[in-house]
Structures are given as structure tokens and as C-alpha cells.
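Morning, everyone. Please have a look at the chain on the screen, and then I'll walk you through it.

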Amino acid sequence: MTIRHLRIFAAVVDCGTMHAAAQKLYLSQPTLSQQVIKLEEELGIPLLVRHSKSVSLTDAGELFAQHSRSILGSLNQL
């Protein structure tokens with residue numbers, strides 16, 4: 001897991017869609033989706049439920065989002 005993965009995940013959570021998060025981060029949607037999948041595979045748990053036009057967080061995704069925000073906030077303070 002990298003800081004990039006945390007930033008991508010946070011953008012997906014903030015934007016609510018993979019498409020909007022990809023635009024925000026200046027990435028292609030397939031690249032962003034692949035990074036989220038890699039993160040979920042590394043953690044061994046699904047973080048998102050993918051719907052046709054949006055995403056929602058699983059329970060584990062909610063917890064991971066909280067911790068990700070904390071880590072990213074600390075990094076921004078540095």
C-alpha cells in the first residue's frame with residue numbers, strides 16, 4: 001500500500017464515483033479502478049460496493065476511510 005493508494009481511495013470516497021475521482025486526480029478511469037482493486041486485493045477485503053453510477057463503502061471501507069483521512073491529514077501537516 002502506498003500514499004498514492006490512500007489518496008486515490010480518499011478521492012473516490014469524496015467524489016462518490018470512480019469517474020469523478022479519476023477526473024479530480026487527472027487519471028484515466030481504468031487506471032484509478034485498477035489501483036483501487038490492487039488496494040482491496042492487498043488488504044484482502046472489499047472496500048467499495050460498485051453500483052452502475054456510483055460507489056458506496058463497505059463497513060471495512062468506512063473504517064479504512066477514517067484511518068486513511070487521519071494518515072493523509074498527518075502527512076499534510078508535515
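Which residue just after α2 takes a positive phi? Tyr26 does, at about 60 degrees. Keep in mind that this is a predicted model.

Let's stay with α2, residues 18–25. Three of its residues, Met18, Ala21 and Ala22, are buried. They sit on the same side of α2, because they cover an arc of only 100 degrees around the axis. The general rule is that an α-helix has 3.6 residues a turn, so residues three or four places apart point the same way. What lies over the buried residues of α2? The cover includes α1, α3, β1 and β2.

Now take Met18 by itself. Set aside its neighbours within four places in sequence. Met18 then contacts Val12, Gln29, Leu32, Ser33, Val36, Leu48, Arg50 and Val55.

Next, the core. The largest nonpolar core has 18 residues. Phe9, Val12, Met18, Leu32 and Leu48 have the most contacts inside it. At least two core residues come from each of α1, α2, α3 and α4. α1 gives the most, with 6 residues.

Last stop, Thr58. Where is it? Thr58 is in the loop between β2, residues 55–57, and α4. Is Thr58 buried or exposed? Thr58 has a relative accessible area of 15%, so it counts as buried, the cut-off being under 20%. A polar atom of the Thr58 side chain lies 2.8 Å from the backbone oxygen of Pro46. Leaving out residues up to four places away in sequence, Thr58 touches Pro46, Leu47, Leu48 and Val49. One of those, Leu48, was also on the core list.

Key:
Residues are numbered from 1 along each chain as its sequence is written. This is a predicted model: local features need pLDDT of at least 70, side-chain atom pairs count only at pLDDT 80 or more; totals for chains, interfaces and linings use all residues. Side-chain values use heavy atoms; hydrogens and water are left out. A nonpolar core is a set of buried Ala, Val, Leu, Ile, Met, Phe, Trp, Tyr and Cys residues joined through side-chain atoms within 4.5 Å. Buried means under 20% relative accessible area, exposed over 50%, partly exposed in between (1.4 Å probe, protein chains only). Helices (H or I, at least four residues) and strands (E, at least two) are DSSP runs, numbered from the N terminus. Contact means heavy atoms within 4.5 Å. A polar contact is a pair of N or O atoms within 3.5 Å; within protein, one must be able to donate a hydrogen and the other to accept it, and residues adjacent in sequence count only if both atoms are side-chain atoms. The arc is that of the directions from the helix axis to the C-beta atoms.
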